[in-house]
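Reader: Please take me through the terms applied to the structure below, and set each value against its cut-off.

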Amino acid sequence: MEKHTKIKTILVAVDFTEKTDSAAILAVHMARRHNARVILFHNVMNFFIIDRTGRQMIGEDTVNKHYVEAEKSLELIKNSLQQSYSDIVFLKSIGTDTITNSINKIVEEESVNIVITGTSGKQGLRELILGSSSYQILKGVNCSVLMMPENCKQYKFEKILVPVRVLEKLNEKLEISKLIAEKNKGFISLFGISGDENFTTIRRAFIKIRESLKGSETEHYASFTVSNDKAVEISKAS
């Protein structure tokens with residue numbers, strides 16, 4: 001697993017709504033702290049119908065029109081941000097596949113370190129809108145994802161909650177959390193949580209992470225709880 005050493009490229013998923021504004025401004029603040037560039041991304045889906053003759057595109061002219069409109073709108077956003085934040089490099093990109101496939105292609109081609117997406121869901125893990133584009137990005141993108149609630153104005157990360165509840169990419173999560181904490185002079189709260197299943201494995205991973213933090217310069221606090229309702233406990237801890 002490749003360890004995070006720097007955040008050099010940030011991708012922002014843009015859908016031209018208010019939640020995009022918060023995500024873009026967050027990307028700007030992060031780009032300045034990490035000396036990173038920002039890719040503004042929008043996805044235009046091609047729609048198809050399957051019939052006896054094979055796959056046929058529906059409304060090709062309409063799709064092309066949407067693509068041109070999106071390109072113009074994205075260029076306006078890019079120019080506006082560039083004028084306000086001349087010290088940051090802004091790029092733009094438009095995808096035409098599924099949103100996760102399109103983003104993953106850019107992640108690979110441009111070595112994207114983190115994707116930021118806005119969400120209009122409530123600020124609780126249970127209230128994430130299943131099936132929304134932000135949730136698809138969270139579940140399907142091949143790099144770290146940061147979800148920014150709509151109308152949120154917090155652009156600095158002084159307190160970072162790192163849940164230890166699954167083992168998948170746990171070290172990667174810790175490394176990027178330490179990077180963000182370092183750039184924000186932040187504090188990491190390591191929160192281990194396990195239900196009846198895999199208790200020993202999760203507890204062992206939590207202790208290992210806790211010990212690694214003790215040997216670093218990152219300020220931190222560690223706690224562990226037992227519960228089968230992980231989403232509620234993480235929300236409470238947050």
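**Terms and values**

Author: Ser22 belongs to helix 1 (residues 18-34); helices (H or I, at least four residues) and strands (E, at least two) are DSSP runs, numbered from the N terminus. This is a predicted model, in which local features need pLDDT of at least 70, side-chain atom pairs count only at pLDDT 80 or more, and totals for chains, interfaces and linings use all residues. Residues are numbered from 1 along each chain as its sequence is written, and side-chain values use heavy atoms, with hydrogens and water left out.

Reader: Why does Ser22 count as buried?

Author: Buried means under 20% relative accessible area, exposed over 50%, and partly exposed in between (1.4 Å probe, protein chains only). Ser22 has 3% relative accessibility and therefore counts as buried. Leaving aside residues up to four places away in sequence, Ser22 touches Met148, Pro149, Glu150, Asn151, Cys152 and Tyr155, where contact means heavy atoms within 4.5 Å. In the chain of 238 residues, 41% count as buried.

Reader: What makes Asn198 exposed, and where does Asn198 lie?

Author: Asn198 counts as exposed because its relative accessibility is 54%, and the cut-off for that class is over 50%. Asn198 is placed in the loop between strand 9 (187-194) and helix 6. Its phi is positive, near 60°, in a residue other than glycine.

Reader: Why are helix 5 and helix 6 called roughly parallel?

Author: The axes of helix 5 (residues 170-184) and helix 6 (residues 199-214) come within 12 Å and cross at roughly 30°. Axes are lines fitted to C-alpha atoms, for helices over the stretch in contact, and angles run from 0 to 180 degrees between N-to-C directions. Angles under 35 degrees count as roughly parallel, over 145 as roughly antiparallel, 65 to 115 as roughly perpendicular and the rest as oblique. Helix 5 and helix 6 are therefore roughly parallel to each other.

Reader: Which residues make the contact of helix 5 with helix 6?

Author: Helix 5 contributes Leu170, Asn171, Leu174 and Lys178, and helix 6 contributes Ala205, Ile209, Ser212 and Leu213.
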